[in-house]
Amino acid sequence: MTVTCRFILFRVAPAAALAVLVGPAGAHKDPVTPQQLSTYQQVFMEQVRKGDLLFHGDAATEKEMAVVLSNTGMACAMCHPMTADTHPATFPKYQVQMAKFATLRDMINWCIEKPNQGEKIADDSEAMKALEAYIYWSQSGTVLNPGKF
Amino acid sequence: MSELDKVRREMAAVLQQPGVRPDPSLRITRRTFVHKSCLVGAATVAETFAWWPLINTLDIAHAAEAPFKFAWISDTHLYPRSLNTRFVEKTMRAAKEVQAMSPPADFLIFGGDLAQLGKVEELELGVEILKEVNIRKVYIPGEHDWYLDMGKKWGELFGQPHWTFDHKGVRFVGLDTVSRGPDYWTAKKMSPEERMGHMATLDGTVAGPWAGVGRDQLDWLQKTLANWDRNRPVIIFSHNPLYEYYPPWNFWVRDWREVNEVLKPYTKVTNIHGHVHQVLYNEIGTMRSIGMLATSWPWPYAPEGVPKLTKPMIRVDPGDHFDGVGWEKIDVSAQDKVDVEYVMWRKQVLAQSPDDYAKSIPEVLRPRVADNMWPY
Ligand SMILES: [Fe+2]
Ligand SMILES: [Fe+2]
């Protein structure tokens, strides 16, 4: 299963990691262990890694996730190096280009469809979650400013 | 203090000492987009975003023997025509407009990044489109032109990547700031395409600090300027800015100290550069530096290091691919002035209020990770 592959990348024994993720019933009532913390972090960073690759137009990752984010050769990072000027902290807000109240996911899809001329992805898709993870991670420490133009 | 901060403070200490500026005869005029108040102290928000003219005028004493104009186009980033027609359209538009200049420009300088991935097909497409321009053309390379075949095709098409000529009382120099990158490919056994891919990613972490002039070229520059009167104008073209703006995106040359050493004796140096795809102005020691627009797409301003003297360009509409891009006319007049005009394909080029400037919403950014992780 996919969870197993993720942990091979991070050189963690797959069986142990799986055990931590699934855990015993009612594990949330126990104090969190360092091993659990590192596993949760690894799950997150794997999404960041995938989002980073998608954001930078990595063809293999797009193929693997069955998405077409661009048909112009343009990737997100070509206008947004290090996610600059994506302003995730300003969403949700009235977005002028769409002339509607929009979320970051709406904006991601707008960029895919308009400048990139790619194919819109589902709001709850793996690719959307990975892109969102990368953008937010990249802007860790930016102050929330929802609604800002 | 971060490593970057330390370097930046060092540059400010070395090159931006109080009172050190380009020759005072390079007088700031009302038409200049440098904000006067920035030169003498901190500008207020209202001053920074006050009405700003489109034309940048620099007065240069003993400059032109006769008035002339030249044009700059760069950063067309052409893909094969079959993949991306938008970049082709915009390059064609810029070429047509340069050709239509009246009176005509004396020459066109192409400032690098003609191709996107350095392919023969892309470089040849660029040559074909620029055939529209019938005046003298000179070229310097960008990193996107170079790292597929290490400049082989570029050299066949355009010859030496650094050169000099005198024109009507101004010494012009073209520099190659791209070809001397550190070898990041051999140890990792990269294919030429992989090498190019890392180089073509502005925020990549693999190609490293590739922008530089190099000792050999600095020696050549020193020799080239040796017989030139120190009070006469020099205009230097380079793909990257010749100072330190934002190293993670190679918005610099890593040997800016040595460049400054060579240029220091000359009081009227203007550097015109590409690569940043944005309106940019700075004064470094006795040198003025002006950043040019791309025709392909605008880069955002870096999260830190934007020169205080820069009047920022306006936030662009990402839905209009003709927005935020363009080319430049440079006019050396009989009154010994050098004007740079940003020809952006919209009415307002510069931010009119803080809300027009993307950097007025602070962002804390971190570099990407995936290009440094397995299997890369
Ligand atoms: Fe460029
Ligand atoms: Fe470049």
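Because the model is predicted, local features need pLDDT of at least 70 and side-chain atom pairs count only at pLDDT 80 or more, while totals for chains, interfaces and linings use all residues. Residues are numbered from 1 along each chain as its sequence is written, chains are lettered from A and ligands numbered from 1 in the order in which they are written, and side-chain values use heavy atoms, with hydrogens and water left out.

Chain B contains ten helices and twelve strands (DSSP runs, H or I of at least four residues for helices and E of at least two for strands, numbered from the N terminus). Of its 376 residues, 60% are buried, where buried means under 20% relative accessible area, exposed over 50% and partly exposed in between, with a 1.4 Å probe and protein chains only. The accessible surface of chain B is about 14600 Å², and carbon and sulfur atoms hold 54% of that surface; these areas come from the Shrake-Rupley method with a 1.4 Å probe, and for residues only the protein chains shown count as cover. Among contacts in chain B with a separation of 6 or more, 76% join residues 24 or more positions apart (contact means heavy atoms within 4.5 Å).

Chain B also supplies the donors of two iron ions. Donors are N, O and S atoms within 2.8 Å of the metal (3.2 Å for Na, K and Ca), and water is not among the atoms, so sites may look incomplete. For the iron ion (ligand 1), D75(B) (OD), H77(B) (NE2), D113(B) (OD) and H277(B) (NE2) coordinate at 2.0 to 2.3 Å. Angles among these four donor atoms run from 88 to 173°, and the site is irregular. That term covers anything other than tetrahedral (four donors, all angles between 85 and 135 degrees), or square planar for four and octahedral for six (opposite donors over 155 degrees apart, all others between 65 and 115). Along the chain, the donors of ligand 1 have the spacing D-x1-H-x35-D-x163-H. Distant parts of the chain are linked here: D75(B) sits in the loop between β2 (68-73) and α4 (85-99), and D113(B), 38 residues apart from it, in the loop between β3 (107-110) and α5 (120-130). D75(B) is buried, with a relative accessible area of 0%, and D113(B) is buried at 1%.

What bridges the iron ion (ligand 1) and the iron ion (ligand 2)? The bridge is D113(B), and the two ions lie 3.4 Å apart. H275(B), in the loop between β8 (269-273) and β9 (280-284), is 162 residues apart from D113(B), and both residues are buried. T76(B) lies in the loop between β2 and α4 and is buried at 0% relative accessibility. Beyond its neighbours within four places in sequence, T76(B) contacts residues including F87(B), D113(B) and S296(B).

In chain A, helix α6 (residues 104-113) is mostly covered, with seven of its ten residues buried. These buried residues, among them W110(A), pack against β1 (93-95), β2 (100-102) and α7 of chain A.
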